[in-house]
Protein chains: 2
Amino acid sequence: MLVSTRGRYAIRIVLELSSREKGERVSLSELSKKQEISLKYAETIVALLVKAGLLDGQRGKRGGYRLTRDANEISVGEILIITEDSLSPVACLDCKPNQCERASSCKTLPMWEKLDDLIKSYLFSITIADLN
Amino acid sequence: MLVSTRGRYAIRIVLELSSREKGERVSLSELSKKQEISLKYAETIVALLVKAGLLDGQRGKRGGYRLTRDANEISVGEILIITEDSLSPVACLDCKPNQCERASSCKTLPMWEKLDDLIKSYLFSITIADLN
DNA sequence: CATTTTCCTACCTTGTCAATAGGTTGGAAA
DNA sequence: TTTCCAACCTATTGACAAGGTAGGAAAATG
Ligand code: FES
Ligand code: FES
């Protein structure tokens, strides 16, 4: 599995936010209800997005989250890089510079690199605006 | 991670076999030494390939494994489908017909389907002969 | 018969995924 | 200024898969 629930939920939360009026703050309890994600789990996911600067949260009454950018400037790939530990199709690609001992003579490495490229360029080419 | 060690080791074992004379039987102890894979682990992997009909094994002295097909007729994707539980990038795609409750209204599903297509057509387009 | 090699079944250890739980801090409205 | 709301922070849990071991049984050969 390349993309876990964390990443998928993150996309859906951002998607939900992008469907609201620009700048409007939405509470997580509302977001999680709409998207049928447990509030507590959603908290841990949203925390990552805030830390990465993609969302901005405000506490207190009438608080909530909103996007810091327009939906057409947020790519799916970006969200996944933030929420998933790795997007690579194989472990050999994860440590840079490539640490795999076999790398120099490995006959399959070029294939994995191409696949990685294929996947990432696709995911980075799609924006949240494209999905809505 | 899309592809685990099981799948990667399987590819390397088939690759090693394909570099031998056609029809020659090679023992797993030799294969595993060459590819630096533990014999015991390799056994479990090779068992899958035999069951799928890709390899054919013979016991006893001078026994071993050999490919049942030419290397240019074996695709990487085929090996991975056999050895990995799933090649799909997301769980939503794994059960057919699609079981995810959100499927009908899901805004991201088409994206995952395209990605899945992209990945699979790439992996099925590469043969073992291409790699050697 | 002894050796080699595949084949079969079960087990183990580690780590990640997915989710929960409980509390603390900050802000706004009443 | 009190009250409430909502974000924030820090564990902890249960389930499951990844990755690998272990021991032996069955077949083929010489
Ligand atoms: S096995 Fe790691 S680079 Fe090929
Ligand atoms: S969340 Fe499962 S199909 Fe979109």
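Reader: How many salt bridges are counted between chain A and chain B?

Author: This is a predicted model, in which local features need pLDDT of at least 70, side-chain atom pairs count only at pLDDT 80 or more, and totals for chains, interfaces and linings use all residues. Residues are numbered from 1 along each chain as its sequence is written, chains are lettered from A and ligands numbered from 1 in the order in which they are written, and side-chain values use heavy atoms, with hydrogens and water left out. A salt bridge is a side-chain nitrogen of Lys or Arg within 4 Å of a carboxyl oxygen of Asp or Glu. B:R102 and A:E36 form a salt bridge at 2.8 Å, N to O, and the count between chain A and chain B is two.

Reader: How much area do chain A and chain B bury between them?

Author: Contact, meaning heavy atoms within 4.5 Å, takes 31 residues from chain A and 31 residues from chain B. Buried area is the accessible area (1.4 Å probe) that two parts lose on being put together, summed over both. Carbon and sulfur atoms carry 67% of the area between chain A and chain B, which is about 2900 Å².

Reader: Which element gives the most to the side of chain A that touches chain B?

Author: Across the interface of chain A and chain B there are 13 residue pairs in polar contact, both residues at pLDDT 80 or more; a polar contact is a pair of N or O atoms within 3.5 Å, where within protein one must be able to donate a hydrogen and the other to accept it, and residues adjacent in sequence count only if both atoms are side-chain atoms. On the chain A side, α1 (5–18), α4 (76–83) and α5 (109–125) each supply at least two residues, helices (H or I, at least four residues) and strands (E, at least two) being DSSP runs numbered from the N terminus. With eight residues, the element that gives the most is α5(A).

Reader: What share of the atoms of DNA strand C within 4 Å of the protein belongs to sugar or phosphate?

Author: A phosphate oxygen of DNA strand C is 2.9 Å from a side-chain N or O atom of B:Y65. A polar backbone atom of A:G60 is 2.8 Å from a base nitrogen of DNA strand C. Bases make up the rest of the atoms of DNA strand C within 4 Å of the protein, and the share of sugar or phosphate is 63%.

Note on methods: Near = heavy atom within 4 Å.
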